[in-house]
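Please keep the sequence and the 3D view open as you read.

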Amino acid sequence: MPSHNYTDQPNETGAQAKRKVWHWHPELPITNAKIFVWPPRPLTIFKILASYWLRLTGRVVILLTAILSWIYFQPLLATAVNFEVEWVAHIYLRNLGLFVFFATALHLYFYTYKAQGMELRYDGREMARDSDVFTFRNQLFDNVFWSIASGVTIWTIFEVFFMWGYANEMIPSVNLADNPVWFVAIFILIPLWYSFYFYWIHRAEHWPPFYKKVHALHHRNVNVGPWSGLSMHPIEHILYLASPAIHLVIPSHPLHVIFHLQFTTLIAVFTHAGYDRLLIKDKSIIDLGYFFHQLHHRYFYCNYGTDEMPWDKWFGSFHDGTPEATKHQMQQEMRRKKRAQGSNKAA
Ligand SMILES: [Zn+2]
Ligand SMILES: [Zn+2]
């Protein structure tokens, strides 16, 4: 496995150069939004979609958990006509179990038992303990608390309202038998919609007053772990987990909503794992961490979206991971601060 050494600044030498920004990182520069090339290249698009769906990836695992949830661990839709404790608790406990299972399994593997050592780990630092920044002064406890107390609760509330809406035929729906092509296409389109939705919501969350009160909670985590992904302020959870609201207007099936909600929650566990891939006996099992977003946690004013859509590129906030991009971003940031100071003085 290549282990790259590179530093904050281009052309650094000597002792400065020894300070590594990353313990490990993928080959740089990272690329952005390969599907959106002009003119469209159908073969390229097919290859990219195949790389998402025709091998073991986070979204394939989540599709399987959604299907298993729907078949074995979902109260019958007929019972959801009225709000009752039993079926609501059923959904809550299943969501809690799913989330705790994936986040704990990855945390134990990487951080407690260190089963992969430092191989493919982006940030070499340990999770923070005894730090004022975190609730309970501990990064892990902070992340567990916000993920469960707020994240799983709001996820469940949204899912419960959807199931109640489907049971009462208040939401437009489709089923597999009547429209199999559309039924399958929705699963492929959900991550693309999420990419679009997430960019704009996340961009808005970096508006300074909102950032300070809400989004800063997620950004307590500069070095991230599996439990950091869904560690957010309740207001951010409400916004972030509203991505599936699209199904209120696009005819879908309850399974699409279950997948969409599990995608928003569980993909965050995988992408914040802090390790690029999970290895077992040096064999790559599944891609996990997401260097594109890891850069966002390190440098804040870049990579607001995902690399499936080119919003960051179009709006000039794409960071490709290179020291040159870091330098460029710092210069832009200084200009932005100077402008803000100038307008404060003028006011
Ligand atoms: Zn952010
Ligand atoms: Zn994050």
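Two residues are in contact if their C-beta atoms, placed from the backbone, lie within 7 Å. This is a predicted model, in which local features need pLDDT of at least 70, side-chain atom pairs count only at pLDDT 80 or more, and totals for chains, interfaces and linings use all residues. Residues are numbered from 1 along each chain as its sequence is written, while chains are lettered from A and ligands numbered from 1 in the order in which they are written. Helices (DSSP runs of H or I, at least four residues) are numbered from the N terminus.

**Helix α4 and its buried residues**

- A residue is buried if 20 or more other C-beta atoms lie within 10 Å of its own, exposed if 12 or fewer, and partly exposed in between, with C-beta atoms placed from the backbone.
- The buried residues of α4 include Trp87, Ile91, Asn95, Leu98, Phe99 and Phe102.
- Which helices do the buried residues of α4 pack against? They pack against α3, α5 and α9.
- Glu86 also lies in helix α4, but Glu86 is exposed, with 8 other C-beta atoms within 10 Å.
- From Glu86 to Thr264 the C-alpha atoms are separated by 25 Å, and the two residues are 178 residues apart along the chain.

**The nonpolar core**

- A nonpolar core is a set of buried Ala, Val, Leu, Ile, Met, Phe, Trp, Tyr and Cys residues joined through C-beta atoms within 7 Å.
- In soluble globular proteins, nonpolar side chains tend to be buried together.
- The largest nonpolar core here has 61 residues, and Phe102, Phe259, Phe263, Leu266 and Val269 touch the most other members.
- Helices that each supply at least two residues of this core include α3 (58-72), α4 (85-112), α5 (139-167), α6 (180-205) and α9 (254-271).
- Which helix gives the most to this core? That is α9, with 11 residues.
- Phe263 touches Arg59, Ile62, Ile190, Pro191 and Tyr194, not counting residues up to four places away in sequence.

- Axes are lines fitted to C-alpha atoms, for helices over the stretch in contact, and angles run from 0 to 180 degrees between N-to-C directions.
- Angles under 35 degrees count as roughly parallel, over 145 as roughly antiparallel, 65 to 115 as roughly perpendicular and the rest as oblique.
- The axes of α4 and α9 cross at roughly 5 degrees and come within 10 Å, and the two helices are therefore roughly parallel to each other.
- In this pairing, Phe99, Phe102, Ala103 and Leu106 of α4 meet Thr265, Leu266 and Val269 of α9.
- Sorted by class, the contact of α4 with α9 has six nonpolar, one polar and no charged residues.
- For these classes, Ala, Val, Leu, Ile, Met, Phe, Trp, Tyr, Cys and Pro count as nonpolar, Asp, Glu, Lys and Arg as charged, and the others, Gly among them, as polar.
- The axes of α5 and α9 also come within 10 Å, crossing at roughly 170 degrees, which makes α5 roughly antiparallel to α9.
- Among the residues making this contact are Trp155, Phe158 and Phe162 of α5, together with Val257, Ile258 and Leu261 of α9.
- The residues of the contact of α5 with α9 divide into nine nonpolar, two polar and one charged.

**Helix α2**

- Is α2 well covered or hardly covered? It is hardly covered, and the count of buried residues among its 12 residues is zero.

**Backbone features to look for**

- Most residues other than glycine have a negative phi, and most peptide bonds are trans.
- A cis peptide bond joins Leu28 and Pro29, with omega about 0 degrees, and Pro29 is found in the loop between α1 (14-18) and α2.
- Just after α4, Lys114 takes a positive phi of about 45 degrees, and Lys114 is exposed, with 11 other C-beta atoms within 10 Å.
- Asn303, although not a glycine, has a positive phi of about 45 degrees, and Asn303 is buried, with 29 other C-beta atoms within 10 Å.
- The place of Asn303 is in the loop between α10 and α11 (311-314).
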